[in-house]
Amino acid sequence: MRRGRRVAEYKNFKRRYRLAAGQPDSEGFEVGAVTTDCPVPLHITFSIEKSDLETQNTGKIEIWNLNDAHIAELEKENCIVSLRAGYGDNLSLIFSGYVSFTSTVADTADRKTTIEILDSLVEIRDTYVSLSYTGTVNWKTIFDYVASQIGVAVVYSYNAEFTDVTNGYSYVGLAKNVLSKGCECCGLTWSIQNGVLQIKKENDAISQQVYIISADTGMIESPEKVTITSSDDTETNLVGYDVTYLLNGAINVNDYVRLESKNITGYFYVYSLQISGDNETGDWLCTARLIQLEGSDEEETTDTDEITTGGTTTAATATATTDLAKGDKVTVEVSISVDTGGESNTVATKSWSVNAVNLYLTWNYSDAQINTSAITDYYTPHPSDISKTIYTYIDDNSEENDPCDRRAVRHY
């Protein structure tokens, strides 16, 4: 499991971006870097919308005072724009796509360029495929071939399953149509995110890496419960939450997240995402629509053991003594050992029953020298690896009043 960047620790004045544009295999240009010659980057605003659907993701960018060469590059055919944003030197790709519209107008003493972009516009619009297989062929083989013809990388969810097509298969037409047909046969869905074809089970995450969304990682206000009306024949509505947090481009559509708030705690996947930003003032935010994962409890409680330590190294060992299947309840024993630097260690042991999907351990260190906040360690138990030892090392070498002070906590 991966913790989301602690975006809340960064100040708004550290907002940074990089915008690059150009035709494929050309030099193009990039703006946004802070240098000696350009200490203040060009003013930019952006609004990005992404979703777990076959429709294309869209983005709108407004940027002030591009030079004539930059504007000419944007007006070229099949110009690609990529936008990275974040804080300081920590930038993540938040959108990449083809320019579908551009205009430049006077804005008082400045001039404003508006750019509209679509994710994989050319690939979806122009790619036709011709394929023919005899005998039995697996749909994954077809998906791999179609992705290579489109010219994009393809990733599959960890639990995707592919059926066989017997008696051969032939197709000539738009690539997007054969993707839809294959996903319908396999019970999967497809979408393109930042130029990467993602194929996964419906209403599920693309991977098992988990990001945490909480007040500590930048969540703003309380999650808002939403219901999404089903668009298929199942007539089953989706229930989820709209969550707003400080801009964190590491979290993308179809990612697996753990929501931690005062009223709601549970595991979800990102169904849709809106990213809005202004590098000078106003928003620098993400709003994610989270859908509850099947088999995940919507609300959970966390057992917390507080350990008073005089040392700096702890080890927590969690052991489940049975084969695990998703949704099983198992008894887990957790022992926390604290190296105090003397002949004996401080040890605390606790047992409780948990759902065998993901295990997370939380404990507080109470020490005048350390004085750190609660620390959470995670791992996903599997039948072949049901014992895990997690070591946490704390080195209080941070500078006073450092806005990015993490107390140098490392997990290994």
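**Salt bridges and cores in a predicted model**

I will start with E30, which is partly exposed, at a relative accessible area of 46%. Keep in mind throughout that this is a predicted model.

E30 has a charged partner. R84 forms a salt bridge with E30, and the closest N and O atoms are 3.7 Å apart. R84 sits in strand β5, residues 80-87, and E30 in strand β2, residues 29-31, so this pair ties together parts that are 54 residues apart in sequence. R84 is also partly exposed, with a relative accessible area of 32%.

How many salt bridges does the structure hold? The count is 7. I will go through two others.

One is K112 with E62, where the closest N and O atoms are 3.6 Å apart. K112 belongs to strand β7, residues 110-118, while E62 belongs to strand β4, residues 58-64, so the link joins parts that are 50 residues apart in sequence. Is E62 buried or exposed? E62 is buried, because its relative accessible area is 18% and the cut-off for buried is under 20%.

The other is E73 with K76, with the closest N and O atoms at 3.1 Å. Here E73 counts as buried, at 10% relative accessibility, whereas K76 is partly exposed at 39%.

Now to the nonpolar side. The largest nonpolar core has 45 residues. Those with the most contacts inside this core are L19, F46, I61, L74, V81, I213 and L290. Which strand gives the largest share of the core? Strand β20, residues 284-292, does, with 5 residues.

Take I61 from that list. Not counting residues up to four places away in sequence, I61 touches L19, I44, T45, F46, V81, L83, T113, T114, I115 and I117.

S96 is buried, with a relative accessible area of 17%. What does S96 contact, leaving aside its neighbours within four places in sequence? The contacts are I80, V81, S82, D119 and N194. V81 has come up already, as one of the residues with the most contacts inside the largest core and as one of those that I61 touches.

That is all from me.

How values were computed: Residues numbered from 1 in each chain as written. Predicted model: local features only at pLDDT ≥ 70, side-chain atom pairs only at ≥ 80, totals over all residues. Heavy atoms only, no water. Salt bridge = Lys/Arg side-chain N within 4 Å of Asp/Glu carboxyl O. Helix = DSSP H or I, 4+ residues; strand = E, 2+ residues; numbered from the N terminus. Buried < 20%, exposed > 50% of the residue type's maximum accessible area, 1.4 Å probe, protein only. Core = buried A, V, L, I, M, F, W, Y, C linked by side-chain atoms within 4.5 Å. Contact = heavy atoms within 4.5 Å.
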